[in-house]
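Let's take a friendly walk through a protein model together. Have a look at the fold before reading on.

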Amino acid sequence: MSSRDYLYKKLRPELLAVTEESPAPTAGISRSISPRFTLERDVVLSPAIKQQIDEALVKIHHHHTIYVTWGFAEVDPCGVGTILNFHGAPGTGKTLTAEAFAGSIGKRIISASIADLESKFMGDTSKNIVQLFESARVEDAVVFLDEADTLLGKRLSSVTQGIDNEVNAMRSTLLIELEKHTGVVIFATNFARNYDNAFVSRISQHVRFELPGHSERRALWARMLVAGIPLDEDRERLLEELAATSEGLSGREIRTCMRLALPKPLLDGGTGVLHRSHLQEALAQLRSAQRDIHASQPEAGLDSIEATRKALGIHQGSNI
Ligand SMILES: Nc1ncnc2c1ncn2[C@@H]1O[C@H](COP(=O)(O)OP(=O)(O)O)[C@@H](O)[C@H]1O
Ligand SMILES: [Mg+2]
């Protein structure tokens, strides 16, 4: 379910069953999984992003040297854990990189978004957060919190309603858990601007994901144009052309183009061989769909506090 669908569902008050008995907290939290990707094999990153990711990897690999042998733990007892924040445009590989990061350090990953953590029962959202970190500790897994802008938003200074208390309690719990946690935590968001300063200062590294440049686009197309696809032209020349004509597209959009292009040669009467015209048509389809979507989206995003309220299913004036 997309976060937008999720918010819509949450905006329907009839879906709020406030009289039900509270289920065991953790019900919505998934178990850790073994990552399917690694950074080296599956992710295309610009040199600037790669360097930041490499520094985070070095910090983890040489943790003992820095904190124990060199004694940095004396002045930075809270820096034992590694907290990364991946922010930037949608479709640029933040979720993929989080899973691949876990894969590259040989750890499992446990993912959660506000949809998994929130509970319509007072207090249970905080319990779910505690449980998430506990599971990560037991399973030695990387914690990945997607759509983190809602979780890490500014805490509310004038608390007038139960829901505001709930949001503040959730954020305070998250701060405490982050402080205690000794493993790796990765946040990802398309909107980092609303983060509370208390969170910003606890994050070891902020990594900004940009739309791919020419050489990254070429590498993305090369990755997507897998070896088994029959081509009737020079692959290298085709890749060069695709990189040049796909400026402004994210990695996800390049994948979408491939999804649109690949059935084309298999249509009735098709040759079963992918031609550049199939890819060009797919690119044109994607760009025209993008224009339609942008034209029909009057509201770009929701204010973080308001989004949290809505995500938790509570409206202004509600007294639960
Ligand atoms: N930098 C990248 N390297 C490799 N594949 C990418 C990259 N960016 C996007 N993709 C492709 O697009 C898909 C969606 O990307 P995702 O990680 O969900 O983006 P984000 O979390 O930034 O919105 C990925 O699973 C992958 O197939
Ligand atoms: Mg994502």
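What follows visits a helix and then a group of strands. Keep in mind that this is a predicted model.

Start with helix H14, which runs over residues 276-295. From its first C-alpha to its last, this helix of 20 residues reaches 29 Å, close to the 28 Å expected at 1.5 Å a residue.

Now ask how its residues sit. His-278, Leu-279 and Leu-283 of H14 are buried. Look down the axis of H14 and you will find its buried residues within an arc of 135 degrees, so they line one face of the helix. What covers the buried residues of H14? Helix H12 (235-245) and helix H13 (251-261) are included in that cover.

Next, move to the strands. Is strand E3, residues 141-145, buried or exposed? Five of its five residues are buried, so E3 is largely enclosed by the rest of the structure.

Strand E3 also has partners. It pairs with strand E2 (residues 108-112) in the parallel sense, over five bridges. With strand E4 (residues 184-189), E3 pairs in the parallel sense too, over three bridges. To see both pairings from one residue, find Leu-145 in E3: Ala-112 stands opposite it, and in E4 its bridge partner is Phe-187.

Methods: Residues numbered from 1 in each chain as written. Chains lettered and ligands numbered in written order. Predicted model: local features only at pLDDT ≥ 70, side-chain atom pairs only at ≥ 80, totals over all residues. Helix = DSSP H or I, 4+ residues; strand = E, 2+ residues; numbered from the N terminus. Expected span 1.5 Å × (residues − 1). Buried ≥ 20, exposed ≤ 12 C-beta atoms within 10 Å, placed from the backbone. Arc of directions from axis to C-beta. Contact = placed C-beta atoms within 7 Å. Pairing = 2+ DSSP bridges.
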